[in-house]
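Thanks for coming. I have one structure for today, and I will go through it piece by piece. Please put it up on the screen.

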There are 2 protein chains.
Amino acid sequence: VLASGEHRRSASVRNALLEALQSGVVSDERDPAILAGTVALVGGGPGDPDLITVRGRRLLSRADVVVVDRLAPTELLAELAPSVEVIDAAKLPYGRYMAQEAINAAIVEHAKAGKFVVRLKGGDPFVFGRGYEEVEACVEAGVSVTVVPGISSSISVPAAAGIPVTHRGVTHEFVVVSGHVAPGHPDSLTDWDALARLRGTIVILMGVERIEQFADALLAGGRSADTPAAIIQEGTMRGQRVVRADLGTIAARTRAENISPPAIIVIGSVAGFA
Amino acid sequence: VLASGEHRRSASVRNALLEALQSGVVSDERDPAILAGTVALVGGGPGDPDLITVRGRRLLSRADVVVVDRLAPTELLAELAPSVEVIDAAKLPYGRYMAQEAINAAIVEHAKAGKFVVRLKGGDPFVFGRGYEEVEACVEAGVSVTVVPGISSSISVPAAAGIPVTHRGVTHEFVVVSGHVAPGHPDSLTDWDALARLRGTIVILMGVERIEQFADALLAGGRSADTPAAIIQEGTMRGQRVVRADLGTIAARTRAENISPPAIIVIGSVAGFA
């Protein structure tokens, strides 16, 4: 949809978008007449259903239609009234659409039919969630949309394993990076050399499959092999597992322990705390 | 307390700490007998009182004692029962303690007296919140402690201004950095040259006073002067103000518009979206 580094839209869409996002709260979220025909993008948090926000939970309880994918905390769906239509994004017929376009189309279509649509997402909608694309789709279709942030797994999953992403006297920065493509891949937008030179905490999301390549890139960029590292599978959930090692050994340990997605990698002094 | 890069503790404290953090949820949070004598560090989110988590709000409603500072969403305190003791951290007598040590001491003291203590913090406890120091103080005193993550202003405040910290095809990484000390300051732990080389989004917290120095450091490190930039004052709250410019002009615009703390600086292509 967008060329790399480019982002264009018409002035009218831009203004509508700003209005939608900055208004923040729909004027009266208890009034079904006001919610009808609108969309709320709700961050569901890292997995534990009690880690959604109060506002997110309230909007979810008022939804006519909920669009979810496998990353959203599905336990939250058990609380919905039987009349609520739950749409599993993975089961949408794509046909002439890509998966994301089919999701956008489903959201818009139900809102245009007068429903209050909650798009329930894992973590935070704007952290590798493609949430902004969904906001744009609504705005371009003339549908009112509001965004409710969620607890990002990038911070909360390390915390659940006893790892603070920052700590006084140790690190004053953390970087969150997508592990969706390997360093050097044509689609990669990340300068792993620059990343390796940072002194602080590195959090890699969606990177289990390519952990060898990330570790190698950071080592090649000069990060020390004895830098503490950890990988956390299913963080904040009952199945949580944590493997601790260092940058030189974390990839081998991840394979030896059969860590599988969803999992989050943390590299830096703080990973050696607990 | 800690030398830069070092972090030591005894094996017993380390084990207690891990147990405290990994247990996550206190066994039954509805049972006052179980909560008595324990501490919960609760992330209050960016300011809007509805952006606390469901779990955080529930624990807050069961508190005997709440320790807050000016960064926590104080509107949440209005909902507390009159019997709850609210301690303003800014008003603690420090005497032989530093401010943080006095907070740690107050938390521990009330828990040891059998109270359920909620330490309500702004944003997330582990993002420049010194939360881990409070966890350590509890563990070292033999007090059970649990941590409830909060919506970090580093992600949610840009979002409230229409800025996603990541966006497909534009940036696959974001770095969150403390603006508490200037580049080159003896206490600075951040390599601003390396930061400047990153292609992604840079979010600077607590950096209004030194914005000229951060912009200069990023320009000197090679980041282009026409990189979009924004500064958001009092994000998610009624007083929210947003100033948009580019890296070359954001400091002057911040002064011209009299932006004052709390405010968050965002640098990168995404800052030019809305």
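I will start with helix H6 of chain B, where eight of the eight residues are buried, so the helix is largely enclosed by the rest of the structure. Before going further, note that this is a predicted model. The buried residues of H6(B) are Ser153(B), Ser154(B), Ile155(B), Ser156(B), Val157(B), Pro158(B), Ala159(B) and Ala160(B). Just after H6(B) comes Gly162(B), with a positive phi of about 85°.

Chain A has its own H6, residues 153-160, and there too eight of the eight residues are buried, so that helix is largely enclosed by the rest of the structure. Its buried list reads Ser153(A), Ser154(A), Ile155(A), Ser156(A), Val157(A), Pro158(A), Ala159(A) and Ala160(A). H6(A) is followed by Gly162(A), which has a positive phi near 80°.

Next, the sheet. How many strands form it, and in what order? There are ten, and the sheet is open, with the order S9(A)-S8(A)-S10(A)-S7(A)-S6(A)-S6(B)-S7(B)-S10(B)-S8(B)-S9(B). The pairing is mixed. At the edges stand strand S9 (241-246) of chain A and strand S9 (241-246) of chain B, each with a single partner strand, so one side of each has no neighbour in the sheet. From one strand to the next, the twist averages 15°.

What does helix H6 of chain B touch in this sheet? It packs on the sheet against strand S6 (173-178) of chain A, and in chain B against strand S6 (173-178), strand S7 (201-205), strand S8 (228-233) and strand S10 (263-267). The direction of H6(B) makes about 80° with that of S10(B).

Strand S8 (residues 228-233) and strand S10 (residues 263-267) of chain A are antiparallel and pair over five bridges. Within chain A, Gln233(A) stands opposite Ala263(A) in S10(A).

On the chain B side, five of the six residues of S8(B) are buried, so this strand is largely enclosed by the rest of the structure. S8(B) runs antiparallel to S9(B), and six bridges join the two.

Two single residues next. Val165(A) lies in the loop between H6 and S6 of chain A. Is Val165(A) buried or exposed? At 0% relative accessibility, Val165(A) counts as buried, because the cut-off for buried is under 20%. Its C-alpha atom is 6.5 Å from that of Ile155(A), ten residues apart along the chain. Leaving aside neighbours within four places in sequence, the contacts of Val165(A) in chain A are Ser154(A), Ile155(A), Pro158(A), Thr171(A), Glu173(A), Phe174(A), Thr201(A), Val203(A) and Val270(A). From chain B, Phe126(B) and Val127(B) are also in contact with Val165(A).

The other residue is Asn104(B), placed in helix H4 (residues 99-112) of chain B. Asn104(B) has a relative accessible area of 13% and is buried. Leaving aside neighbours within four places in sequence, Asn104(B) is in contact with Glu133(B), Glu134(B) and Ala137(B).

That leaves the two chains as a pair. Chain B can be laid on chain A by a turn of 180° and a shift of 0.0 Å along the axis, with an RMSD of 0.0 Å. The two copies are thus related as by a two-fold rotation axis. The same surface serves both copies, since 100% of the contact residues of chain B recur in chain A.

Then the interface itself. What area is buried between chain B and chain A? The area is about 6,200 Å², and carbon and sulfur atoms give 61% of it. In chain B, the residues that lose the most area to chain A are His172(B), Leu189(B) and Arg197(B), together 11% of what that side buries. By residue count, 73 residues of chain B are in contact with 73 residues of chain A.

Four salt bridges are found across the interface of chain B and chain A. Arg197(B) forms a salt bridge with Asp191(A), and the closest N and O atoms are 3.7 Å apart.

That is what I have; I will take questions.

Conventions:
Residues are numbered from 1 along each chain as its sequence is written. Chains are lettered from A and ligands numbered from 1 in the order in which they are written. This is a predicted model: local features need pLDDT of at least 70, side-chain atom pairs count only at pLDDT 80 or more; totals for chains, interfaces and linings use all residues. Side-chain values use heavy atoms; hydrogens and water are left out. Two strands pair if DSSP finds at least two bridges between them. Helices (H or I, at least four residues) and strands (E, at least two) are DSSP runs, numbered from the N terminus. Axes are lines fitted to C-alpha atoms, for helices over the stretch in contact, and angles run from 0 to 180 degrees between N-to-C directions. Contact means heavy atoms within 4.5 Å. Buried means under 20% relative accessible area, exposed over 50%, partly exposed in between (1.4 Å probe, protein chains only). Copies are superposed by least squares on the C-alpha atoms of residues with pLDDT of at least 70 in both. Buried area is the accessible area (1.4 Å probe) that two parts lose on being put together, summed over both. A salt bridge is a side-chain nitrogen of Lys or Arg within 4 Å of a carboxyl oxygen of Asp or Glu.
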